[in-house]
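Here is a short report to read alongside the sequence and the 3D view. Look first, then read on.

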Protein chains: 2
Amino acid sequence: MPSFVTIVSLPSSSSFPTNHHLWNSPIPIQPKKIPPFNTKPIKLPLLRATLSMEKETPEPHRPETFLRDSDDTTASSSSSVRARFEKMIREVQESVCSAIEGVDGGARFKEDVWSRNGGGGGISRVLQDGDVWEKAGVNVSVVYGVMPPEAYRAAKGSASDDAIDHNKLGPVPFFAAGISSVLHPKNPFAPTLHFNYRYFETDAPKDAPGAPRQWWFGGGTDLTPAYIFEDDVKHFHSIQKSACDKFDPTFYPRFKKWCDDYFYIKHRGERRGLGGIFFDDLNDYDQEMLLSFATECSNSVIPAYIPIIEKRKDLPFTDQHKAWQQLRRGRYVEFNLVYDRGTTFGLKTGGRIESILVSLPLTARWEYDHKPEEGSEEWKLLDACINPKEWI
Amino acid sequence: MPSFVTIVSLPSSSSFPTNHHLWNSPIPIQPKKIPPFNTKPIKLPLLRATLSMEKETPEPHRPETFLRDSDDTTASSSSSVRARFEKMIREVQESVCSAIEGVDGGARFKEDVWSRNGGGGGISRVLQDGDVWEKAGVNVSVVYGVMPPEAYRAAKGSASDDAIDHNKLGPVPFFAAGISSVLHPKNPFAPTLHFNYRYFETDAPKDAPGAPRQWWFGGGTDLTPAYIFEDDVKHFHSIQKSACDKFDPTFYPRFKKWCDDYFYIKHRGERRGLGGIFFDDLNDYDQEMLLSFATECSNSVIPAYIPIIEKRKDLPFTDQHKAWQQLRRGRYVEFNLVYDRGTTFGLKTGGRIESILVSLPLTARWEYDHKPEEGSEEWKLLDACINPKEWI
């Protein structure tokens, strides 16, 4: 299959890897539909960067690495951050999928591997209609692209500005890698989990002496139950806090609030779930420290989530419990299709739809003007989505 | 309850009433969130007009009319178009709801009536979990608002331009009324129907001698089956064509294509259903003729749809048929949440959520990478959504 160079827009330059779905998905674009570069004045919050990449090709086997040969691929502790990040997310994909299959006992993950001619690629894994999970997707991807100088400048901020001849700055090559996952269980007492960790790096621009490399980390883990078991939510948040506290005591409170703010369904005035942690554009710490932090967070997924599932997966439930879970699944769909930056971006730019929308639940429900009875368990969940709580 | 003046953005000035959902919904907005007027240069296709309106109040009874006292409310054939349009859509709401209840035999419509202090209001009717329909909404509304001069100028085009002192043009009062409906049956062989007809009128701007009143009609009726019965689709399109042909032989082919183009799920490369007719911003015909045309189309809903439901509502079906219907319902959700201008506009500006989202099905489904077997009945439906056909 011949590959071709394509152009896509990014949701935000400073926060390029805004969402996991971007990272799930090979991004084949019709080049004619989008102009090569955004030439309008760019403001940071509204910036839509552009990048070029090649069409994906299915692969029969997982390669050792998706990095280009020119990158350091030895993945030792002294090797490049990009190589070590790829190694980390692939290990996490393995361990999370194993843990899910182990608990599910029924279905197995189906794997799709793909690559791009110019370097990069990904592994998508989906388990559907298992004994415990109705739909579980765990994807990793590595992307090489080119961003316009405006995006680079906006993302870089004022650092070293004096040393750069901005007029000479051309398109800036970048690298991005990420893992992303959404896990929807069947039992209405077993919560949905989402996590996503990503790393972004630019090359040093050519023809612009003094312009530095840039890099960022982003990600988060959040829990979306239909019913509140306080012990579960405390356990989940405690694990997030422990992961954060190993690095910086300000991380958990900041990233907990960021999570509550991000997963907000504005037209409902409620969050899609009970939060967790979320961060983006993180580069104002030591790079090694943030790589360790992203690794710690990724490795916390299993201990944060699996014990909850073990406790709730076999609880008896009624049709009413199931219907309420389905209504909350409807909210999940609303958030992902209307607000989630990665999803809306992916849909608009022609990303691989099945990878982008694997985050949607198998089934969802919308009832007209449904209002849970005050004081009921359903009402308590809704209240906690409207008024985010401190769980620990 | 004290009412307050609010500001909302419109999706497109020339096509203000772009979609039914806008007309279903009282539109309470937080004034501080949206600047009073868009002061950026406005291009016609991207124009976001603004208007101010008051918060809605629930009413115990349906009023004789939602028109302001200052409007002509006698609703005789010689009275104002706005009065006759309101009368027409309220009659159609009555007759469609009666027909639905008659066929359903189970559930009844629940009615919500609301009004605004400054004039305008609406009647929302929803039937849920009936014997035949899982969710059926039929709403009418009347809105008084104010649009900025840019929106008026863009919508008006170049007519009478010389006579107007544009510098003196202030905000332009407008009137809009519409009926809108989405009907989702339970049986997977019985199709979903959507229809919406709307009328829009500005007052003559004050302080701008020579600036004329403007008016437009918009609307359409379209069919979304999960399985194709050619007889049904031909019957449905024939009724649409007959309604069109009574007025202009170019209407059906133009509005059939417009419908195929509008209900396009771009990220899937497919339409949500098998189309029908759709038109917007229609004002380049005699006003009386277009009022008659909108009336004819509205009155065609029952003969176009009910006979199909009568034939299909009791057909036996399997779990596989139901699952396919649910996947197509998922597409309906994707179109409405991602593309439908009225829905996306309503969600962003704080419209009454339950009225806006009554268009969503009771239940929907997303399977990873589902591909119907080539040549199957499911494949035939998908093919017709990807490659729109001429049915008559």
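How much area do chain B and chain A bury between them? They bury about 2900 Å², 58% of it on carbon and sulfur atoms. Buried area is the accessible area (1.4 Å probe) that two parts lose on being put together, summed over both.

## Ground rules

This is a predicted model: local features need pLDDT of at least 70, side-chain atom pairs count only at pLDDT 80 or more, and totals for chains, interfaces and linings use all residues. Residues are numbered from 1 along each chain as its sequence is written, chains are lettered from A and ligands numbered from 1 in the order in which they are written, and side-chain values use heavy atoms, with hydrogens and water left out.

## Where the chains meet

Chain B gives 33 residues to the contact and chain A gives 32 residues. Contact means heavy atoms within 4.5 Å. In chain B, the most area is lost to chain A by Glu354(B), Trp366(B) and Tyr368(B). Together they account for 28% of what that side buries.

## Symmetry

Two copies of a chain are related by a rotation about an axis and a shift along it. Here, a rotation of 180° with 0.0 Å of shift along its axis superposes chain B on chain A, with RMSD 0.0 Å. That is the relation of a two-fold axis.

In chain B, the C-alpha nearest the axis belongs to Ala364(B), 2.7 Å from it. Both copies use the same surface: 97% of the contact residues of chain B recur in chain A.

## A sheet in chain B

Eight strands of chain B form an open, antiparallel sheet in the order β3-β4-β5-β6-β7-β8-β9-β12. Strands (E, at least two residues) and helices (H or I, at least four) are DSSP runs, numbered from the N terminus. Two strands pair if DSSP finds at least two bridges between them.

At the edges stand β3 (56-59) and β12 (276-282) of chain B; each has a single partner strand, so one side of each is left without a neighbour in the sheet. Strand β9 (residues 215-224) of chain B pairs with β12(B) over five bridges, in the antiparallel sense. Within that pairing, Thr221(B) has Ile277(B) of β12(B) as its bridge partner.

Technical notes: Least-squares fit on C-alpha atoms with pLDDT ≥ 70 in both.
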